[in-house]
Amino acid sequence: MTRFDYDDSDVVVIVGSGAGGGTLAHELCRRGFKTVVLEAGPHLTGEDYHNDEWAAFGQMAWTDPRTTSGSWAIADDFPNLPAWIVKAVGGTTTHWAGACPRFKSHEFAARTTYGDIEGADLLDWPITLSELEPYYDQAEIKMGVTHRHGRPPLPANNNYKVFANGADKLGYRDYSTGPYATNAEPYDGRPASIQDGFNFQGDKHGSKWSTLVAELPKAEATGNLDLRPDSQAVQILHGPDGRATGVLYVDRNGTLRRQRAAVVSVAGNSIETARLLLLSASTRFPDGMANSSGQVGRNYMRHTTGTVWGQFDKPVRMYRGETMAGVIADESRLDTGRGFVGGYYMQTIALGPAFFAKFVAPGSWGPKLAEIVDGYLNTAGMWIVGEDMPQGTNRITLSDTVDEHGIPVANVHFDDHPNDVAMRRHGQQQGAAVYKAVGAHRTIETPPYPSTHNLGTCRMSQRPGDGVVDRFGRAHDVPNLFVTDGSVFTTGAAANPTLTIVALATRQADFIASDFRTGRN
Amino acid sequence: MPTLLSDDQRRLLVDLLRAAFPHDTFPMGPYERAAQAVVDAAAANPRLQAQLLQGLDDLDRQREVPFSRLDPDIAAVVLRGIADTPFFTGIVDVAVVALYDDHEVWDVLGYEGASYDKGGYIDRGFNDLDWLPDPRIESYGDDSRQEASA
Ligand SMILES: Cc1cc2nc3c(=O)[nH]c(=O)nc-3n(C[C@H](O)[C@H](O)[C@H](O)COP(=O)(O)OP(=O)(O)OC[C@H]3O[C@@H](n4cnc5c(N)ncnc54)[C@H](O)[C@@H]3O)c2cc1C
């Protein structure tokens, strides 16, 4: 286990070990950079994980308090749980499902493509698809994404059979079991899926890509990684010239530590990333670090989501096999004739009875809920995920509530944009039609879960006044401060975000490697 | 903190849960354990316990006869009347998790639970659905690289 000195000012400090932080760590370590990863959560591995929804959630989810406001259903349904984010080594890639679509080219130019949408703060990305394409390739190869670069597709499970047959009947053409970052056959030292489900609970088998099983062990093998679990960053420090000089964090004993740094990357997943920058206010940065634009925390996005369940006369047993392993991509197309801009995907999803009953109609009870749960075995499920509109007023701020260390927690404010509402309605209608096409006697529309995709809050912009970071994720205001997670998304696109987070982190590592010589072995 | 709930109040709580989550197929065990989960949660939360103590007493006074002896239809009407009270939502919040996480309930619903120790479902029916044809699994086009069509 490598340990660097607290006062070693040559190291790169990365806050967070999930998709963004874990990937950047590996890419920098293999280039010889001394890298310290601070991870707020514990170092758990497959053996520790539970094949049990509530137990796994309690073990790994970020359940420190957060507060909510706004007109979104979450503020009523789950007021202290706006997001489902993991607090453990590997971050939320331990609980993710692995869906890996790429952005489409027009989605990098949302402002130009969709025009001026009232109430939305659309902006074009400062990069294009063609610039990111080589990194998408690298990310897909790294993650072993099925259907790509010769990786075979996952097989059809029961949930997919219902979904795909319905899609076909409805006239959709673009359905398949992928792309997913889960091995259908052994790859990169990781085994093939044994269809054991429980992807959302941490994949015990390790056939699903995560930074825990892939990037961090590789980083560790270089001898350049100093991974510190149970270490929560609370402030980024800076010198008189405004450059970041280190990070203050609370270690597992509650002791405040200072790690000096040549470069700092923040990859705490949008909500915590914005919180940390806001907490890092100083005389020089009165509104928070990297926030001269006032954009830190703003344009928080969470994708337009919803779930549709179909209940049939015959068994489905959706829980058997991969939790998600099916995509319908037809509705992800650019087509503003549907009454909204942006597209969406439909993806298979399965929950066990415990989550199913809790989430199917939050807060509900009575004969109707009982009947729905009685139909559990015969239920098929799909999740809708589409582009939501960035809005400056949807934002992360510091709350009056404090955590166990006395530090203000994040407040998450969100109002649905009318475009989000129209898209969700369309998606739920189409989803129901898919199931009705193959004989569903009942369809159920479930409102959004606590957000699993947390995006924006430090958006990438060409002009410093429009966002927080530049085209490489470097803070406009602080030349050695980077943001390496979904916070940098200028707009959300329809695609699940992680592949893009990994591609951007890989690209950022190239940039850091060419720009910073310090710390090179 | 020990519970102040009497045995009668606990029994009433079980009956309340059976009325709130009416499954003909569920045995008593899961309802009793869900009620215990509510009692345990209340033991750690004075506000919830206070609401339980008062709320359960009030529940019995809603009609001429005690709640437990009401017709299921009438019981449902009574519950609808109190649906928005913190007493009732506090119970539902805890109970919905405990009840449907109960392994006896899983058996009834046909859910098999943990799979890893049994080798996953790869040889245990992950694709045994036979009432629909086997669909293709490959993409028709290539969704990720398709350019905008409009
Ligand atoms: C159930 C579920 C299913 C999902 N399925 C998919 C999918 O199919 N496809 C997809 O693309 N995405 C999916 N996602 C989303 C995906 O997990 C995230 O997009 C991705 O993990 C985000 O990466 P990140 O680096 O931003 O943050 P994370 O992976 O969340 O990592 C952030 C890490 O930073 C740590 N941290 C935060 N603040 C601090 C601090 N102050 N100090 C130290 N450490 C800190 C956190 O503890 C955490 O470990 C899913 C998510 C969930 C919950």
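**Close-up 1. Contacts of Gly120(B).** Leaving out residues up to four places away in sequence, Gly120(B) touches Ile194(A), Gln195(A), Asp196(A) and Ser115(B). Contact means heavy atoms within 4.5 Å. Gly120(B) sits in the segment after helix 6 of chain B. Its relative accessible area is 0%, so Gly120(B) is buried. Buried means under 20% relative accessible area, exposed over 50%, and partly exposed in between, with a 1.4 Å probe and protein chains only. Helices (H or I, at least four residues) and strands (E, at least two) are DSSP runs, numbered from the N terminus.

The model is predicted: local features need pLDDT of at least 70, side-chain atom pairs count only at pLDDT 80 or more, and totals for chains, interfaces and linings use all residues. Residues are numbered from 1 along each chain as its sequence is written, chains are lettered from A and ligands numbered from 1 in the order in which they are written, and side-chain values use heavy atoms, with hydrogens and water left out.

**Close-up 2. Asp102(B) in its loop.** Asp102(B) lies between helix 5 and helix 6 (103–109) of chain B. With a relative accessible area of 8%, Asp102(B) is buried. Neighbours within four places in sequence aside, Asp102(B) contacts Pro30(B) and Arg33(B).

**Close-up 3. The largest pocket.** The space in the largest pocket is about 700 Å³. Of its 29 lining residues, Asp77(A), Phe78(A), Pro79(A), Lys358(A) and Asp93(B) are the closest to the centre. On a 1 Å grid over the protein atoms alone, a pocket is an open set of points with protein on both sides within 12 Å along at least five of seven lines; a cavity is a set where a 1.4 Å probe fits but cannot get out; lining residues have an atom within 4 Å of a point. Grid points are joined across faces, edges and corners, and a volume is the space filled by probe spheres set on the points.

At least two lining residues each come from helix 2 (53–60), helix 3 (73–77) and helix 9 (353–359) of chain A, and from helix 5 (86–100) of chain B. Helix 5 of chain B gives the most, with seven residues. By class, the lining has 17 nonpolar, five polar and seven charged residues. Ala, Val, Leu, Ile, Met, Phe, Trp, Tyr, Cys and Pro count as nonpolar, Asp, Glu, Lys and Arg as charged, and the others, Gly among them, as polar.

**Close-up 4. The second largest pocket.** This pocket holds about 380 Å³ of space. Its lining has 17 residues, and the closest to the centre are Asp15(B), Arg18(B), Ala19(B), Pro22(B) and Pro72(B). Helix 1 (7–20), helix 2 (28–43) and helix 4 (72–82) of chain B are the elements that give two or more lining residues. The lining divides into 12 nonpolar, two polar and three charged residues.

**Close-up 5. The second largest cavity.** Five cavities of 30 Å³ or more occur in the structure. The lining has eight nonpolar, six polar and one charged residues.

Close-up 6. Cys29(A) is buried at 1% relative accessibility. Cys100(A) is buried too, at 0% relative accessible area. The count of disulfides over all chains is zero, taking a disulfide as a pair of cysteine sulfur atoms within 2.5 Å.
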